[in-house]
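Biologist: I have a model open and want to learn how to read it. Can we go through it together?
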Amino acid sequence: MLGFVWAVQVLSALLLICLILLHSPKGDGIAGFGGASQMFASQKGAEKRLNKITAIVAVVFLVCVFLLGFGIVK
């Protein structure tokens, strides 16, 4: 069971890195503080799905971290 959780954690970490890199940049750097950028503009359908998938993978990763960190899985 311990090996399975480790494998899921490693795979979710790699997938999370790839998913985060797929996201489009939202801000304009320093110009975003002055209200010049439209940071909260409406998202396309693909971007919304990417956000949901990223959130799900992040939750899976965090569950694995807690299971391994607190020694629940032996």
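This is a predicted model: local features need pLDDT of at least 70, side-chain atom pairs count only at pLDDT 80 or more; totals for chains, interfaces and linings use all residues.

Biologist: How many helices and strands are in the protein chain?

Modeller: Helices (H or I, at least four residues) and strands (E, at least two) are DSSP runs, numbered from the N terminus. Here there are two helices and zero strands.

Biologist: Is Ser 12 buried or exposed?

Modeller: Buried means under 20% relative accessible area, exposed over 50%, and partly exposed in between (1.4 Å probe, protein chains only). Ser 12 has 6%, so Ser 12 is buried. Of the chain's 74 residues, 18% count as buried.

Biologist: Where does Ser 12 lie, and what does Ser 12 touch?

Modeller: Contact means heavy atoms within 4.5 Å. Ser 12 lies in helix H1, residues 2-22. Leaving aside residues up to four places away in sequence, Ser 12 touches Val 57, Val 60 and Phe 61. The Ser 12 side chain also reaches the backbone oxygen of Gln 9 at 3.0 Å.

Biologist: How many aromatic pairs does a search of the whole structure find?

Modeller: Rings of Phe, Tyr and Trp (its six-membered ring) pair if their centres lie within 6.5 Å; planes under 30 degrees apart count as stacked, over 60 as edge-to-face, the rest as tilted. The search finds one pair. Phe 66 and Phe 70 have ring centres 5.9 Å apart and planes at 5 degrees, so they are stacked. Phe 66 is partly exposed at 47%. Phe 70 is exposed at 64%.

How values were computed
Residues are numbered from 1 along each chain as its sequence is written. Side-chain values use heavy atoms; hydrogens and water are left out. A polar contact is a pair of N or O atoms within 3.5 Å; within protein, one must be able to donate a hydrogen and the other to accept it, and residues adjacent in sequence count only if both atoms are side-chain atoms.
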